[in-house]
Amino acid sequence: MSEPRWFRVLRVVGLTGLALFVLVPLYVMVTSSIKPLAAVQDRFEWFPDEITLQPFVDMWSTVSLATYFRNSVVVATGAAVLSVAIAVFAAYAISRYRFRGRDTFRIVVLSTQMFPGILFLLPLYLLYATIGQVTGIALHGSQIGLIITYLTFSLPFSIWMLVGYFDSIPRDLDEAALIDGAGPVRALVRVVLPAARPGIAAVAIYSFMTAWGETLFASIMTDSGSRTLAVGLREYSTQTSVYWNEVMAASLVVSIPVVIGFLFMQRYLAQGLTAGAVK
């Protein structure tokens with residue numbers, strides 16, 4: 001059955017509007033990053049009269065961009081790795097074993113996503129301060145403390161998503177491995193995990209992206225040595241001026257690794273997010 005003409009027109013108009021909604025801000029960012037600061041602060045022009053690459057050079061010296069970039073990579077990667085490692089074992093136990101409190105645990109894990117993150121800000125801050133006073137372990141202002149903070153809201157969703165994916169993997173694979181003499185951990189590592197790569201990739205991407213762009217906790221839980229990009233970009237704004245061209249240039253540069261990684265992993269992400277929907 002052919003689609004009506006009005007539907008084709010509506011589809012073209014809708015997709016065109018959506019594309020403009022996404023591409024116009026990106027175009028403004030790119031053109032602003034190759035303009036002198038005076039031109040950016042002046043009346044907006046769609047096509048720049050003067051093009052310069054100096055903002056891409058100055059952005060590294062105006063603020064400690066390299067340090068902030070390194071901190072973001074360490075924190076986001078650490079949060080993603082730990083989230084995947086913990087979520088895999090927790091989700092496998094929930095999916096494959098029946099134990100007292102199993103359903104309650106699933107509900108509690110999922111219900112944590114109902115609360116806004118700001119509710120955990122003050123308790124975590126006080127907890128880190130108390131741990132530092134009692135044990136001397138400085139979690140506040142450290143990369144490890146920020147990684148643990150991000151686990152508090154990325155781990156529950158990761159567990160919930162992997163449970164659905166493990167449920168879609170036939171139990172016969174586990175049972176066959178156990179019959180061949182493999183233990184539960186070996187069956188998980190050698191048999192289940194290779195089949196669960198799309199789900200694991202989706203969890204890793206979600207955890208990484210959550211930590212990479214988060215600003216609320218990073219602005220409170222870090223200091224000048226552990227500050228991440230999401231917070232460090234604000235330093236381009238001073239009391240006298242805002243270096244808009246350098247902000248745009250820095251935003252483009254720091255987005256490139258994430259975009260490249262997402263493009264390589266998008267196939268696994270799509271499979272992981274839809275896994276478990278149909279059994």
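## Tyr-125

Tyr-125 has its place in helix H6 (residues 121-135), helices being DSSP runs of H or I of at least four residues, numbered from the N terminus. The model is predicted, with local features needing pLDDT of at least 70 and side-chain atom pairs counting only at pLDDT 80 or more, while totals for chains, interfaces and linings use all residues. Residues are numbered from 1 along each chain as its sequence is written, and side-chain values use heavy atoms, with hydrogens and water left out.

Because its relative accessibility is 35%, Tyr-125 counts as partly exposed, a class between buried (under 20% relative accessible area) and exposed (over 50%), with a 1.4 Å probe and protein chains only. Between Tyr-125 and Val-258 there are 133 residues in sequence and 29 Å in space, C-alpha to C-alpha.

## The cavity

A search of the whole structure finds one cavity of 30 Å³ or more, a cavity being a set of points on a 1 Å grid over the protein atoms alone where a 1.4 Å probe fits but cannot get out. The largest cavity has a volume of about 40 Å³, counted as the space filled by probe spheres set on the points, which are joined across faces, edges and corners.

Its lining, made of residues with an atom within 4 Å of a point, consists of Ile-94, Arg-106, Val-109, Leu-110, Ile-159, Trp-160 and Val-163. Helix H5 (102-111) and helix H7 (143-167) are the elements that give two or more residues to this lining, which divides into six nonpolar residues, no polar ones and one charged.

Notes: On a 1 Å grid over the protein atoms alone, a cavity is a set of points where a 1.4 Å probe fits but cannot get out, and a pocket is an open set with protein on both sides within 12 Å along at least five of seven lines; lining residues have an atom within 4 Å of a point. Ala, Val, Leu, Ile, Met, Phe, Trp, Tyr, Cys and Pro count as nonpolar, Asp, Glu, Lys and Arg as charged, and the others, Gly among them, as polar.
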